[in-house]
Amino acid sequence: MTTRYLTNVALALIGGALLVTSQAFAWDTFAWIMLGGGAAATAIALPAIAIRSRGWAQRGLDAIGAAVGAWTIVASMVFVGAAVTWLGFASGGAFVALALIGLTMHELKTERVVHSLEAPAMSPSAAEEAPDRLAGVR
């Protein structure tokens with residue numbers, strides 16, 4: 001399991017939790033949950049930017065995730081009432097979207113590797129000659 005997969009899943013879970021709790025709790029309670037979610041997302045995404053093996057696209061998504069996490073922290077402490085609820089909902093949606101983009105990129109990279117390792121298809125005439133060619137290799 002790669003770090004790309006793990007951080008994207010963690011970001012998706014944080015985002016999903018923010019989406020649900022924004023509608024389930026009063027704004028004053030949710031502001032603290034939002035603060036924790038933003039701090040967790042920033043703590044996950046910020047160090048991941050420094051890992052060069054993640055690729056430039058994933059590192060870009062990590063930078064955006066860290067910026068959204070920092071904004072979530074600020075918004076949870078500055079705004080009140082319905083503004084906190086909807087800004088937290090939007091932050092949760094942004095985290096989920098970033099995670100889905102990252103997971104899709106991870107899957108596409110994995111599929112590309114698998115397809116490049118597949119053997120090319122043989123023509124029927126080449127398949128008939130294959131045992132003869134292998135017999136002379138010994």
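Student: Among contacts in the chain between residues at least 6 apart in sequence, what percentage join residues at least 24 apart?

Tutor: This is a predicted model, in which local features need pLDDT of at least 70 and side-chain atom pairs count only at pLDDT 80 or more, while totals for chains, interfaces and linings use all residues. Residues are numbered from 1 along each chain as its sequence is written, and side-chain values use heavy atoms, with hydrogens and water left out. A contact means heavy atoms within 4.5 Å. Among contacts between residues at least 6 apart in sequence, the share that joins residues at least 24 apart is 73%.

Student: Which order do the elements of the chain follow from the N terminus on?

Tutor: Helices (H or I, at least four residues) and strands (E, at least two) are DSSP runs, numbered from the N terminus. The chain has 5 helices and 0 strands, and read from the N terminus its elements run α-α-α-α-α.

Student: What share of the 138 residues in the chain is buried?

Tutor: A residue counts as buried when its relative accessible area is under 20%, with a 1.4 Å probe and protein chains only. Of the 138 residues in the chain, the buried ones make up 30%.

Student: Which helix gives the most residues to the lining of the largest cavity?

Tutor: On a 1 Å grid over the protein atoms alone, a cavity is a set of points where a 1.4 Å probe fits but cannot get out, and lining residues have an atom within 4 Å of a point. Residues lining the largest cavity include Ala41, Ile44 and Arg54; the elements that give two or more residues to this lining are helix H1 (3–24), helix H2 (27–48) and helix H3 (56–78). With 4 residues, the element that gives the most is H2.

Notes: 1 Å grid on protein atoms, 1.4 Å probe; cavity = no way out; pocket = protein on both sides within 12 Å on 5 of 7 lines; lining within 4 Å. Buried < 20%, exposed > 50% of the residue type's maximum accessible area, 1.4 Å probe, protein only.
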